[in-house]
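These are my notebook entries on one structure.

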Amino acid sequence: MKILFLCLGLVFDVNKKTESYTSGYSYLVRDLAIKIAEDNANSVDCYSKNKEPEKDCWNGINLVKRSLLRILRYSKPFYLKKGIEFARLINGGLWETLYVVFTFLEGGLVEKVIKDGKYDHISIQGFMEYSIPYILACQRLGCAYSVSFHALDVFHKNLNTSQEQVTKWALDQLAKDGIPVSFISERMRERALSVVDPQYKKTANFIVILNGCSPIPEISGDIRKIHNIPESAHIGLCCGNITERKNQVQVVRAYNLLDARIKKDLYFIFVGNVNDANIRTEVEKSDYSDHLILCGPINHEKLFPYYDTADFICIASISEGFGLSAVEGFAFGKPVLMWSDLDAVDDIYDKNAVILVEHRDDEALAEGMVKISRANWSKTCIKEISKKYSISRMASEYEAWFKSYMS
């Protein structure tokens with residue numbers, strides 16, 4: 001089976017040049033493509049807005065060249081017109097408008113890639129307004145394709161976003177045409193269906209394929225010694241780029257509400273690019289600011305000692321499609337603290353591995369920190385739960401999905 005992945009921004013080799021562009025989405029899609037390509041019966045090409053234009057291939061994945069010259073060479077008036085239409089829908093600033101129009105011009109190059117590649121299936125991985133040229137190219141060529149949503153922050157009670165009209169247009173188009181669409185959690189699929197025009201709901205071909213995680217290679221590293229954390233102290237880990245949506249700042253606010261005796265024995269490590277300056281302000285307010293450690297970005301392949309040392313994982317996102325750090329934590333036998341209204345709760349909740357926080361206020365989150373620190377957890381039991389979320393299982397489900405659509 002010859003497959004083309006059409007992706008948003010990906011990073012393949014993580015190094016000082018590229019680490020600031022890494023994300024959970026990037027690691028997941030990259031690893032999924034690798035796993036599918038491991039089957040000798042499959043060939044995987046990848047077109048993405050990556051930061052490594054000099055690469056031709058990576059771990060069995062063929063990387064399609066995407067340069068400014070090629071985009072302009074194959075641009076078509078159709079995509080220029082569509083880009084202007086959708087830029088008006090989004091109603092952003094000048095820079096965003098220009099960028100949307102430019103990304104729509106890529107549609108011509110994508111058509112060229114699809115025609116030349118003679119693919120059995122086109123997999124659009126991730127959806128934003130920048131994915132629409134991919135959809136339009138597949139529509140115009142009449143090829144077999146699917147769309148995988150790795151997030152759906154719109155139509156969410158906790159978020160306001162300018163993407164609602166664009167996303168609703170895409171969901172209606174995909175539902176109307178019966179295009180195979182996957183979501184990473186059941187609640188996300190239900191939210192998508194809730195906004196689809198009623199006349200298209202019967203033809204909607206929406207399914208759920210849960211995320212999987214790749215094993216993180218074992219490496220040595222004494223995190224307690226590096227950050228001067230006593231052996232007796234508990235450690236909470238927040239793993240993911242620090243943003244307003246990921247909401248790590250509320251973890252700090254909740255921590256600051258704890259009794260001094262509890263704070264003395266509880267540390268939090270935050271791994272990821274610091275893109276929300278508010279978190280530094282909150283850390284500085286704490287009497288135990290040295291217990292709130294901002295590590296910056298860490299290569300995913302070097303996270304072993306962080307997960308291995310942590311006592312629990314904390315996910316406080318305003319919106320979270322799945323929460324990859326949750327199942328990565330499971331693989332290390334670590335319990336997870338998370339909001340009860342996150343999309344993936346129905347898919348990953350297990351009383352033996354998760355504590356849910358029912359109310360989204362600082363006090364409730366602080367209570368959750370105390371509960372998860374004091375509870376007795378079975379590392380063996382949690383590791384067993386993690387087996388349901390392997391990247392191999394995810395890749396197998398994707399392959400079967402692609403093949404069933406082809407037949």
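Which residues is phenylalanine 149 in contact with, leaving aside its neighbours within four places in sequence? I worked on a predicted model, and I listed Phe127, Thr167, Leu171, Leu174, Val181, Ser182, Phe183, Ile184 and Met188 as the contacts of phenylalanine 149.

I then looked up the largest nonpolar core, which has 139 residues. Phe149 is among those with the most contacts inside this core, together with Phe5, Phe268, Phe330 and Met369.

Next I turned to strand β5, residues 121–125. I found 5 of its 5 residues buried. His121, Ser123 and Gln125 point one way from β5, whereas Ile122 and Ile124 point the other way. I note that in a regular strand the side chains alternate between the two faces of the sheet.

I checked the partners of β5. Strand β1 (residues 2–7) pairs with β5 in the parallel sense over 5 bridges, and leucine 4 has isoleucine 122 as its bridge partner. With helix α5 (residues 132–141) between them in the listing, β5 and β6 make a right-handed β-α-β unit.

Last, I examined helix α17, residues 391–406. Its 16 residues should span 22 Å at 1.5 Å a residue, and I recorded 23 Å between its end C-alpha atoms, which agrees. Its buried residues are Ile391, Arg393, Met394, Ala395, Tyr398, Glu399, Trp401 and Phe402. I found that their cover includes β1, α1, β5, β6, β7 and β8.

Technical notes: Residues numbered from 1 in each chain as written. Predicted model: local features only at pLDDT ≥ 70, side-chain atom pairs only at ≥ 80, totals over all residues. Heavy atoms only, no water. Core = buried A, V, L, I, M, F, W, Y, C linked by side-chain atoms within 4.5 Å. Buried < 20%, exposed > 50% of the residue type's maximum accessible area, 1.4 Å probe, protein only. Contact = heavy atoms within 4.5 Å. Helix = DSSP H or I, 4+ residues; strand = E, 2+ residues; numbered from the N terminus. Pairing = 2+ DSSP bridges. Right-handed = clockwise from strand over helix to strand, strands pointing away. Expected span 1.5 Å × (residues − 1).
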